[in-house]
Amino acid sequence: MPLRLLRFGLARQHPEPRMFTVPSALKKTYDAVIIGAGGHGLAAAYYLARDHGITNVAVIEKGYIGGGNTGRNTTIIRSNYLTPEGVQFYDESVRLWQDLSQDFDLNLFYSTRGHYTLAHTDAAMRTMRWRAEVNKHFGIASEAVDAKAVQAAIPMMDITCAGHAPVVGALYHAPGAIARHDAVAWGYGRGADRRGVEIHQKTEVLDIKTEDTGSGPAVCGVLTNKGLISTRKVLCAVAGSTPRLLSMVGLNSPLYIHPLQAMVSEPIKPWLDPIIVSGSLHVYVSQTARGELVMGASLDPYELHSTRSTLDFAESLSMHMLEMFPFLSDVKIVRQWAGMADMTPDFAPIMGKTPVSGFYLDSGWGTWGFKATPVCGKTMSHTLATDSNHPLITGFNLDRFRRYALTGEKGAASVGH
Amino acid sequence: MKIMTCPINGPRLISEFAYAGEVKEMPDPATASDAVWADYVFNKNGPAGIKHEWWCHTPSGVWFIADRDTTRDIILRTYLYSRPAAGAYAP
């Protein structure tokens, strides 16, 4: 190993193949431009190239690959949702996840752990039973379990939660899993790159050009800090920056941005196998293969377009963690961070076609977008290639608000936002 | 912790305050079309910038308006609502 390392030190050129080729300059024209090189944007590029044969595509990214919410989430994958639209959509996503490592020839460390959503009251338990029934109806493994089963699965937990909020039961979702989030972006990016898609990092979108076709506005180009691109199709997959891009094409939306914070502990011996979520205590936690506890809580309480962290957050989350796991009192927090979550009023995403012809949205992923990465790529690439909404996303279109036809998906947020 | 200034009670911890969204002019519900009403109910001024918002100091129940820069997380000004000037706050 040291000899191999030496090779890196002495070689004039990088001695190993790179994950991505670095395209020299932007071309004048592309068949499609994808804004945002996070998981969602790169997955759409990957499936556009692989399944639809559209490879003259540029992915434009202001920062770097997977540097937004793809690299800032707590990596939980599940499909125990509440509405039929949500359940079917996320179930397709979980199926895609399971083959992804082979698809990419890259280890995503996809690890099926089981997922407990704790109920601390009878009212919460009723919701768990409801969710379990909706899930079972669609063939998804979810069941309501009692406090004893929870204690057996997590022997290290104080089941009374310091006496404040005793656990009365849980929704158990066996397929619940975690995966390495950076690798997802890299896997999709490399797959798209090998098929001819260009990924332009450090390229900022300054404006989106539209023209009037007589039957309404249509996309005709994208102005970047590296020049003007002409294109007829633009996919916007930029999470917290979506409202800014929408204002470039003259669209309004119900999206609002709140920071979502998370933090990670120092690595400790493995003791927590399943993923634990408590809506009442505002905690979700899992232990990575490296031994760190990855923890998250609820949204920050007011609108903000910033990824700053706060001590209030670390304090309150630690307090609730200690109610459940008092033995962690000596464990250190090593990192905390935030992402900008694009929230919607009904907790469902905003996807598909828009009133601007050729402008497609993949947004409103708020605090629940990582798990949907593969199915978003699949459905958005279909929508882009055929210019018609994929059947799985018809309940998620932007015009549902104009029609007062919301898709109430409270199961989306793992803790009550 | 962040400090916010209540126009009545003075500087307080921000945990004492509740955020209640942007100041919007309500169209007349009796005459507004469905589209105008949907725009009022659902759509938001989403892009980053300086926002005029309703806040409430919850222990005392004081409602007031805050001008806040959402890019830099800075509270620029807080003041009580006064009806004649309301039009000026429309985004």
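**Exercise 1. The two domains of chain A**

Find how far apart the centres of domain 1 of chain A and domain 2 of chain A lie, taken over C-alpha atoms.

*Solution.* Keep in mind that you're working with a predicted model.
- Start with the bounds: domain 1 of chain A covers 27-72 + 182-254 + 346-412, while domain 2 covers 109-175 + 256-343.
- Now take the centres over C-alpha atoms: they are 30 Å apart.
- Next, look at who touches whom: domain 1 of chain A puts 12 residues into the contact, and domain 2 of chain A puts in 12 residues.
- Finally, sort the domain 1 side by class: 9 polar, 2 nonpolar and 1 charged residues.

**Exercise 2. A pair of helices**

Work out whether helices H3 and H9 of chain A run roughly parallel or roughly perpendicular to each other.

*Solution.* 
- Pick out the helices: H3 spans residues 84-104 of chain A, and H9 spans residues 373-386 of chain A.
- Their axes sit 7 Å apart and cross at an angle of about 105°.
- Angles of 65 to 115 degrees count as roughly perpendicular, so that is the label for H3(A) and H9(A).
- Now see which residues do the touching. H3(A) supplies Phe89(A), Glu92(A), Ser93(A), Leu96(A), Trp97(A) and Leu100(A). From H9(A) come Pro374(A), Val375(A) and Lys378(A).
- By class, that contact has 6 nonpolar, 2 charged and 1 polar residues.

**Exercise 3. Chain B and its contact with chain A**

Describe the hairpin formed by E1(B) and E2(B), then say which element of chain B gives the largest share of the side that touches chain A.

*Solution.* 
- Strands E1 (residues 3-6) and E2 (residues 10-13) of chain B pair antiparallel over 4 bridges.
- The hairpin has 3 residues between these strands, and Thr5(B) stands opposite Pro11(B).
- Turning to the chain contact, 16 residues come from chain B and 21 residues from chain A.
- On the chain B side, helix H1 (residues 34-42) has the largest share, with 4 residues.
- By class, the chain B side divides into 7 nonpolar, 5 polar and 4 charged residues.

How values were computed: Residues are numbered from 1 along each chain as its sequence is written. Chains are lettered from A and ligands numbered from 1 in the order in which they are written. This is a predicted model: local features need pLDDT of at least 70, side-chain atom pairs count only at pLDDT 80 or more; totals for chains, interfaces and linings use all residues. Domain bounds come from an automatic or database domain assignment. Two residues are in contact if their C-beta atoms, placed from the backbone, lie within 7 Å. Ala, Val, Leu, Ile, Met, Phe, Trp, Tyr, Cys and Pro count as nonpolar, Asp, Glu, Lys and Arg as charged, and the others, Gly among them, as polar. Helices (H or I, at least four residues) and strands (E, at least two) are DSSP runs, numbered from the N terminus. Axes are lines fitted to C-alpha atoms, for helices over the stretch in contact, and angles run from 0 to 180 degrees between N-to-C directions. Angles under 35 degrees count as roughly parallel, over 145 as roughly antiparallel, 65 to 115 as roughly perpendicular and the rest as oblique. Two strands pair if DSSP finds at least two bridges between them.
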